[in-house]
Amino acid sequence: NHSLFLIALALTFLFLLIAVNEAKVFTKCELASILKGKGMDGYHGYSLGNWICMAYHESRYNSRAVGPRNSDGSRDYGIFQINSRYWCKNNQGPTANGCNKPCSAFTNDDIKDDIECAKRIVRDPQKMGAWVAWRNHCKGRDLSQWTRGCRL
């Protein structure tokens, strides 16, 4: 029965690896609480609802989202879908690397660096307009639904 034990142990280890590697998908209120705690409510004039709406439409709150290739060959990473052409380095083409980070920094469950980079992006002249999903789904709309029901 030693071999059965080893097989069970190996399977347990395999399932643990799979579980650890799963993406962190935040709830709306969980993300709202984190972003508020990091000073995003009102950051550069954008209410918390803007950030929650944008993150939903960019990644569905998935911290490990990686978008398909864009027309310029770049990709978008993480909960805010931060672009490799301008903001991070993925070693797959030219980048301005404005956030001075590898793109892989934006595809883990710790979104502190994603938040810092989003703050950097919104300080640019395009502001939140840098995010197509924000322009298409959030800009100029009633965003109260994005924080409704959250204890903030």
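These are my notebook entries on a predicted model.

I number residues from 1 along each chain as its sequence is written. Local features need pLDDT of at least 70, side-chain atom pairs count only at pLDDT 80 or more, and totals for chains, interfaces and linings use all residues, while side-chain values use heavy atoms, without hydrogens or water.

**Layout.** I looked up the elements, taken as DSSP runs numbered from the N terminus (helices: H or I, at least four residues; strands: E, at least two). The chain has five helices and two strands. Their order from the N terminus is α-α-α-β-β-α-α.

**Burial and contacts.** I call a residue buried under 20% relative accessible area, exposed over 50%, and partly exposed in between (1.4 Å probe, protein chains only). Of the 152 residues, 38% count as buried. I take a contact as heavy atoms within 4.5 Å. Among contacts between residues at least 6 apart in sequence, 53% join residues at least 24 apart.

**Helix α2.** I checked residues 28-37 and found Leu31, Ala32 and Leu35 buried. Seen down the axis of α2, the buried residues fall within an arc of 100 degrees (directions from the helix axis to the C-beta atoms), so they line one face of the helix. They pack against α3 (48-59) and α4 (112-122). Just after α2, Gly39 has a positive phi of about 80 degrees.

Asn97 has phi near 45 degrees. Asn97 sits in the loop between β2 (82-83) and α4. Its relative accessibility is 18%, so Asn97 counts as buried. Lys127 has a positive phi of about 50 degrees. I place Lys127 in the loop between α4 and α5 (132-137). At 39% relative accessibility, Lys127 counts as partly exposed.
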